[in-house]
Amino acid sequence: MNMLELDWELVTDQVMGGVSDGRIEQTVIQGQAASRMTGRVSLDNNGGFIQIAADLPPPPTGAKGVALQLIGNAETYNIHLRTSDLSRPWQSYRQAFTAPAEWTLCHFEFGNFEAYRTEKTFRPEKIRRIGIVAIGRVFDADTAVSSVTYY
């Protein structure tokens, strides 16, 4: 399927009083243009996340999941999907992954996303936003994405 053109933005727990520090940069890593997220996740002041997020068009009919070309520092991150069914900023559908040391096309099947702080059933046709999130523990984040596609 076609690569999606996304406009990534940085969001941190500072929006709710946390002190995690993050950065986003457009760069080239091992020959591939990428959006790179780096920073330090802190649990101080009830914080605990940094993320890059982008609006996402709904998937085409029959899509089974989302695929991201990823690289990183072997830490565990989450992919968060938000749908138009969710109204609170803390609600999402989540799936964890380990950021690979080399560029890898990682597939995230819709059926493997878990609802977080919502009782709403995940309906992929309602997808509107994606996030790559460093969350829940103190660590140095360093991961990048070069492409996003539905499959």
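Predicted model: local features only at pLDDT ≥ 70, side-chain atom pairs only at ≥ 80, totals over all residues.
Me: What radius of gyration does the chain have, beside that of a compact globule with 151 residues?
Reply: The C-alpha atoms of the chain fill a box of roughly 40 × 40 × 25 Å along the principal axes, and 49% of the 151 residues count as buried. A compact globule with 151 residues would have a radius of gyration near 15 Å, and the chain agrees with this, since its value is 15 Å.

Me: What share of the contacts in the chain with a separation of 6 or more comes from residues 24 or more positions apart?
Reply: Contacts here are heavy atoms within 4.5 Å, and those with a separation of 6 or more form the set being divided. Within that set, residues 24 or more positions apart account for 74%.

Me: Which strands stand at the edges of the open sheet of 6 strands?
Reply: This sheet has antiparallel pairing and the order β1-β4-β10-β6-β7-β9, and its neighbouring strands are turned by 35° against each other on average, direction ignored. A strand with a single partner has one side left without a neighbour in the sheet, and so the edges are β1 (9-12) and β9 (114-116).

Me: Which residue in β9 stands opposite S92?
Reply: β7 and β9 run antiparallel and are joined by 3 bridges. Across this pairing, the residue of β9 that stands opposite S92 is Y116.

Me: How many of the 8 residues of β6 are buried?
Reply: β6 pairs in the antiparallel sense with β7 over 6 bridges, where N78 has A96 as its bridge partner. β6 also pairs with β10, again in the antiparallel sense and over 6 bridges, and there H80 stands opposite G131. The strand is mostly covered, and the number of its buried residues is 7.

Me: Which strands are the edge strands of the open sheet of 5 strands?
Reply: The order of this sheet is β2-β3-β11-β5-β8, with antiparallel pairing, and its neighbouring strands are turned by 35° against each other on average, direction ignored. The strands that pair on one side only are β2 (21-29) and β8.

Me: Which residue in β3 stands opposite V28?
Reply: β2 and β3 run antiparallel, and 9 bridges join them. Across these two strands, V28 stands opposite A33.

Me: Which element gives the largest share of the largest nonpolar core?
Reply: This core has 34 residues, and W8, L56, L68, F108, I130, I132 and V148 touch the most other members. Elements that give two or more residues to it include β3 (32-41), β4 (49-55), β6 (76-83) and β10 (127-135). The largest share is 5 residues, and the element that gives it is β11.

Me: With which residues is W8 in contact, leaving aside its neighbours within four places in sequence?
Reply: W8 is one of the residues that touch the most other members of the largest nonpolar core. Once its neighbours within four places in sequence are left aside, the residues in contact with W8 are I24, S35, I52, A53, A54, I130, I132, V145 and V148.

Note on methods
Residues numbered from 1 in each chain as written. Heavy atoms only, no water. Core = buried A, V, L, I, M, F, W, Y, C linked by side-chain atoms within 4.5 Å. Buried < 20%, exposed > 50% of the residue type's maximum accessible area, 1.4 Å probe, protein only. Helix = DSSP H or I, 4+ residues; strand = E, 2+ residues; numbered from the N terminus. Pairing = 2+ DSSP bridges. Axes fitted to C-alpha atoms, helices over the stretch in contact; angles between N-to-C directions. Rg over C-alpha atoms; globule rule 2.2 N^0.38 Å.
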